[in-house]
Amino acid sequence: MKVAEAKALSESSPAADGATPVIVSKGLTVGYKLHRERKQLTALRNINLTINRGEFVVLVGPSGCGKTTFINAIAGLVEPWEGTIEVNGRPVTGPGPDRGMVFQDYALMPWRTVESNVRMPFELQNLNLSKEEMNERVRRYIKLVDLSGFEKSYPYELSGGMKQRVGIARALVSEPDILLADEPFAAIDAMTREAMQSELERFVANTGQTVVFITHSIDEAVILGDRVVVISYRPGQIKEVVDVNLPRPRFDYDVKMLPEYGEMRDHIWRLVKDEALQTARGVQ
Amino acid sequence: MATLDDSDRTSVEAHTDPSRIQDTGWTMSEVWSRYGPWVVTIVNLTAFFCLWQLFAMSGAINPLFLPSASSMFEALWHGLTTTAPPGAVVSGSIADHLFYSLRNLSIGLAIACVIGIPAGLLMGGNKYVEMILSPYVWALASLPRIALVPLFILFLGFTVKMQITIVVLSAVFPIMINAWAGVKTTEKSLLAAAKVFGASRSDLYTKVVFPYTLPFIISGVQQGIGRGLIGVIIAEIFGGSNGLGYLIRRSADTFNSSLMYAVLLVLVIVSLTLIQFTRWLEAYVAPWRHMDRL
Ligand SMILES: Nc1ncnc2c1ncn2[C@@H]1O[C@H](COP(=O)(O)OP(=O)(O)OP(=O)(O)O)[C@@H](O)[C@H]1O
Ligand SMILES: [Mg+2]
């Protein structure tokens, strides 16, 4: 299959089965202290997941199930309560240049222009790039997310979807090994979204990046993911990991027309629906 | 690594084509919304002073309490165009006193900024500094500063030092408290983003907390200017022989109501100018905040 070949090529030291684990979560339990109520909330319980180099893993699950918490743990923004989370064989102790992130709430600096926001990773970490290379990359990634001409705009002058695309460019500009994307296309209209999905698929096939991607759209999960991880509601646990064995590039093969696509989609949809129903019952 | 040069996505490009940003001409209503307020204000103020003049000329109120607008403008013109002869002990000129008051106000504000901004930032950034300083800051900030004037007259006499001290005390707390609040309310997600992209601890302060806090500091300075102006006038009214406050007291003592009204008008103008200056400063350093207000 095409994917397997592409992956094998991009691998520096492939293991026997051609897969190098990049992100390894063992018995990961994470939560938050609720200061006001002297309580603590377990957001994720006992997560066991291994993500290999070049893999595209999509997380789905009802709102509040702990998807953002999981990628925050990978990013090093929250500490495990129990269990371990390792990136490239080392326990995560904090953020690092090997991981880039697209934030659910954009998190753009309002005092910086589009260009300056995208350039920010270069200011904060030393990547041994020349000035010209940095400028070139900033320009290239702004073009990739289709914001050429808006370099000098401030975030308040942009629409929600445009802000989100600035966030995507900022995460990609340093070309990190691992891309953590928290609902990166949520605010983008259906047409542009499809174009960006296809763009992203092509992009990561070229770079060999490992992607952990959160979405609420099951179509998006199936169309993009090598594996779809369904997370159950509070505390979030892995309910099922679904392998998506569809040919890539998915947009060239028009996989939405394949019967397997529909089956996969229905299967995941049922899993998520059960969870969502339990959520609704829990609320009552 | 990445090969993106083949990104020819004509379907998407239409959405965000830069050519959508076009120069638009001026319509009549835009011209009016821009210059209309000025026209209205000028007509309004002219009418106000004319009515005042007519009312004063009618003799309904003793000119000692309400001089005519024309005599006030005359006193103003005279006061602003003449200066005291060299060596004079007491000046009758508004310009001299205005300069004196403004100088003390500026020095006091500068000192208040130099103390207040770092202190506020430190209080926001370090919980021990906050714990130790906050009771004093709240106590002094809530105390009416005018109550301290006699104390400082006792310490320092009717000196420039006393007046500047009052200005500093008046202005330093709003500046400090605003800077403190700015640091405290810095958005968590912005800090998280900076951390993810490699910010060190000092980067977090210089690249996130400080720019986020800057508009707070400016509005602190804005409040500080207002309070400082009150401080400087009160200090001068209490004693001394210089400054606009002194001139108000003296014009009252000498029953010179035209001069007093002229000084009050100068104060209004000074205060409005300073406020406008800080608004402009805010719009300049924090345009993203300015947009919210419109
Ligand atoms: N900073 C925080 N402090 C306290 N509780 C938090 C915090 N962040 C998240 N939580 C709680 O942790 C749980 C998981 O949150 P998380 O943001 O990971 O959910 P999510 O799956 O990303 O949801 P969504 O799809 O709505 O973004 C939620 O129940 C939430 O209440
Ligand atoms: Mg989330």
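**A helix residue and the cavities**

Modeller: I166(B) is found in helix α7 of chain B, which covers residues 160-184; helices (H or I, at least four residues) and strands (E, at least two) are DSSP runs, numbered from the N terminus. This is a predicted model, in which local features need pLDDT of at least 70 and side-chain atom pairs count only at pLDDT 80 or more, while totals for chains, interfaces and linings use all residues. Residues are numbered from 1 along each chain as its sequence is written, chains are lettered from A and ligands numbered from 1 in the order in which they are written, and side-chain values use heavy atoms, with hydrogens and water left out.

I166(B) counts as buried because its relative accessibility is 4%, buried meaning under 20% relative accessible area with a 1.4 Å probe and protein chains only. Apart from neighbours within four places in sequence, I166(B) is in contact with V149(B), F152(B), G231(B) and A235(B), contact meaning heavy atoms within 4.5 Å. Although G228(B) is 62 residues from I166(B) in sequence, the two C-alpha atoms are 7.7 Å apart in space.

The largest cavity is lined by 13 residues, of which I168(A), L172(A), F185(A), M196(A) and L200(A) are the closest to its centre; lining residues have an atom within 4 Å of a point. In chain A, α5 (160-172), β7 (178-182) and α6 (190-207) each give two or more residues to this lining, and α6(A) provides the largest share, four residues.

How values were computed
Buried means under 20% relative accessible area, exposed over 50%, partly exposed in between (1.4 Å probe, protein chains only). On a 1 Å grid over the protein atoms alone, a cavity is a set of points where a 1.4 Å probe fits but cannot get out, and a pocket is an open set with protein on both sides within 12 Å along at least five of seven lines; lining residues have an atom within 4 Å of a point.
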